[in-house]
Amino acid sequence: MRPRGTRISSSPGSDVALRSAAFARPRHRPAGPRPAVAQTAVLGTGLAAGAGVAVAHSPYLEHPAVHGVLYGALIAAMTTVACVALYRGIERRLWLVLLTLALYSATALDTLAAPGLDALGQIAWAAVLVVAVYILLSFPEGRLPDQVARGVVAATAMGAVLVWGALLATAERLPEFMPSASCQGECPRNPVRIVGRGAAVGDVLAVASWSLTAGALIAVAVALTFRMRTAPAIGRRTTSPILVSVLAVGATFAAAAVARAGGAAPATLERLGWFSTATSLTIPCAFLAGMLGARVFAGGALERLVARLSAGARDLDARRVLADALGDPSLTVAFWRPQRREYVDAGGHPVQPPAGATGRSTTIVRQDGDPLAMIVHDAALDAEPGLVGAAGGAALMMLENARLEADLRASVADLRASRARLASAADAGRREIERNLHDGAQQRLVALRMRLADAEAQVVSDDELRRSLGELGADTEETIDELRSLAHGVYPAVLVDHGLASALASVAGRSPLPVRVETALPGRFAPAIEAAVYFCCLEAIQNAAKHAGVGATVTVSVRAHAGRVAFEIRDDGVGFDVHDVDDVHGGHGLTNLNDRVAAVGGDVHVASGHGAGTTVRGDVPATT
């Protein structure tokens with residue numbers, strides 16, 4: 001049952017509701033579709049009646065009354081499909097629906113004997129072909145999904161302009177486009193002819209128009225076939241009946257073009273005309289069958305989803321559960337972080353909505369009016385409006401848990417980035433202090449030592465003063481050494497100038513314990529990486545010097561492997577029990593190690609035992 005206050009909105013902005021565990025229509029349908037459905041039904045009924053009457057009065061048909069009834073039935077079927085699509089929210093472009101019905105109804109003018117009306121009917125046929133190809137390729141998304149579809153529509157439009165433009169500009173008489181209609185030399189005169197003479201031109205261009213229609217429909221079938229190979233299950237159910245009907249109509253026009261080009265008898269063309277009318281009626285039926293198939297799939301998908309959730313399994317992957325139930329392997333789920341006002345994936349990484357992405361659609365699941373999750377899915381799922389949202393509502397608790405986990409991972413990532421920034425700022429401060437000590441106080445002390453040496457050399461008669469100056473110079477030399485050591489400890493210049501291996505060797509040379517350094521590094525790393533490894537090793541060596549005991553030795557190993565830098569500091573000292581202390585002998589050594597390494601996304605572990613020495617192991621990414 002959907003928790004109170006939950007709202008699911010799809011990319012077009014529609015809301016759906018979930019009743020118990022079954023898929024249901026929205027409780028409060030927006031008022032928008034109903035006037036559109038009523039307008040379409042009224043207009044479609046009138047156009048069907050008008051077109052049927054016009055065809056029934058055609059002088060070029062053997063059975064005009066029967067053709068009139070079939071013509072009206074075809075427009076009525078198209079009107080029914082349009083009303084269902086508008087009511088269900090699959091189609092929202094009322095203007096396109098009305099334009100399609102008006103254009104197809106206008107093609108009935110092609111069967112009349114009036115020259116001007118016949119020319120308008122020919123123009124309507126050209127427009128209907130282009131619009132039909134567009135609708136077939138854009139269903140149910142409402143836009144052309146790929147370059148292939150756009151290419152087919154563009155090629156069809158160009159061919160229609162060329163063929164029907166040439167027909168209207170050059171033919172002395174206009175042949176009927178319907179294969180079942182035959183004017184046999186008594187075709188209406190072309191009132192818009194510009195150039196050309198002869199009746200043969202009309203016959204050639206009539207064959208060309210049928211060939212273009214057949215070629216465009218076959219191209220549509222090929223495009224739909226390739227699309228079905230990667231479409232989700234609901235997309236295949238929606239497209240399959242449409243593909244079959246398109247192939248049937250295309251084959252009929254191809255046969256009619258071949259028959260007319262070969263000089264077939266009018267009776268043969270009339271039989272092909274009856275067949276083309278019958279196959280044309282299958283197209284709106286195919287759309288209805290596709291929408292029904294999507295509806296049946298939706299019920300099954302929600303039944304599978306509820307069964308999966310009712311099984312009570314823990315640690316369910318929200319993305320995988322929804323993808324399996326909806327039959328869309330490409331489905332992804334992103335979760336809303338209100339603190340940062342952004343969507344993140346299950347790993348906590350920011351995700352941008354697919355603005356204008358071809359073939360993709362988004363559904364926003366809301367709770368108490370606030371975004372909870374964003375489901376990005378194949379646009380074929382839009383064939384059943386509200387399906388993805390209802391699935392999100394059924395899986396609301398799972399999505400909420402997944403959102404909390406994603407928010408936690410994102411918070412951890414933010415914390416890690418904050419620690420890295422703090423460590424970087426601390427290193428920058430250390431380098432600044434080291435430079436100031438080296439360039440400031442240390443240089444002034446060196447200058448003072450040189451002046452004392454000069455003064456000592458100039459004093460010849462006063463031995464007491466000369467001895468005092470010498471002692472003062474020695475004290476100054478010791479101060480310089482201590483200051484140099486301090487500056488080196490703050491941030492060693494050798495690390496900046498020569499890298500990690502040289503810096504560790506320098507530390508080993510100054511350590512009171514014997515330290516052996518083993519490195520296998522391909523070159524330099526980012527300053528943050530080198531600083532983290534260096535100070536971690538330095539902290540471990542200093543801890544060993546304090547606590548390992550007399551006679552202990554230390555081995556430092558640093559190696560790069562598989563995109564990471566691994567380091568180990570091992571001593572053979574007295575060791576300690578890591579379970580008995582919170583930190584290394586009550587100090588901050590282990591905390592410093594963990595903080596340093598974690599700031600760059602690494603790990604560190606300490607192993608020790610009484611009489612077994614101490615080993616510090618860790619690794620960090622080779623790149624930041």
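1. Helices (H or I, at least four residues) and strands (E, at least two) are DSSP runs, numbered from the N terminus. Just after α9, glycine 327 adopts a positive phi of about 70°.

2. The model is predicted: local features need pLDDT of at least 70 and side-chain atom pairs count only at pLDDT 80 or more, while totals for chains, interfaces and linings use all residues. Residues are numbered from 1 along each chain as its sequence is written, and side-chain values use heavy atoms, with hydrogens and water left out.

3. Four cavities of 30 Å³ or more are found in a search of the whole structure. A cavity is a set of points, on a 1 Å grid over the protein atoms alone, where a 1.4 Å probe fits but cannot get out; lining residues have an atom within 4 Å of a point. Grid points are joined across faces, edges and corners, and a volume is the space filled by probe spheres set on the points. The largest cavity holds about 950 Å³ of space.

4. The lining of the largest cavity comprises 42 residues, and Met78, Thr100, Tyr104, Ala132 and Ile283 lie nearest its centre. Two or more lining residues come from each of α2 (64–88), α3 (94–106), α4 (115–138), α6 (200–230), α7 (233–261) and α8 (266–310). The most are given by α4, with eight residues. By class, the lining has 31 nonpolar, nine polar and two charged residues (Ala, Val, Leu, Ile, Met, Phe, Trp, Tyr, Cys and Pro count as nonpolar, Asp, Glu, Lys and Arg as charged, and the others, Gly among them, as polar).

5. The whole structure contains zero disulfides, a disulfide being a pair of cysteine sulfur atoms within 2.5 Å. Cysteine 536 is in no disulfide, and the nearest cysteine sulfur, that of cysteine 537, is 5.9 Å away. Cysteine 536 is buried, at a relative accessible area of 1%, whereas cysteine 285 is partly exposed, at 48%.

6. Phenylalanine 139 and proline 140 are joined by a cis peptide bond, with omega about 0°; proline 140 is placed in the loop between α4 and α5 (147–170). Alanine 562, a residue other than glycine, has a positive phi near 55°. Alanine 562 sits in the loop between β11 (554–561) and β12 (564–571) and is exposed, with a relative accessible area of 69%.

Notes
On a 1 Å grid over the protein atoms alone, a cavity is a set of points where a 1.4 Å probe fits but cannot get out, and a pocket is an open set with protein on both sides within 12 Å along at least five of seven lines; lining residues have an atom within 4 Å of a point. Buried means under 20% relative accessible area, exposed over 50%, partly exposed in between (1.4 Å probe, protein chains only).
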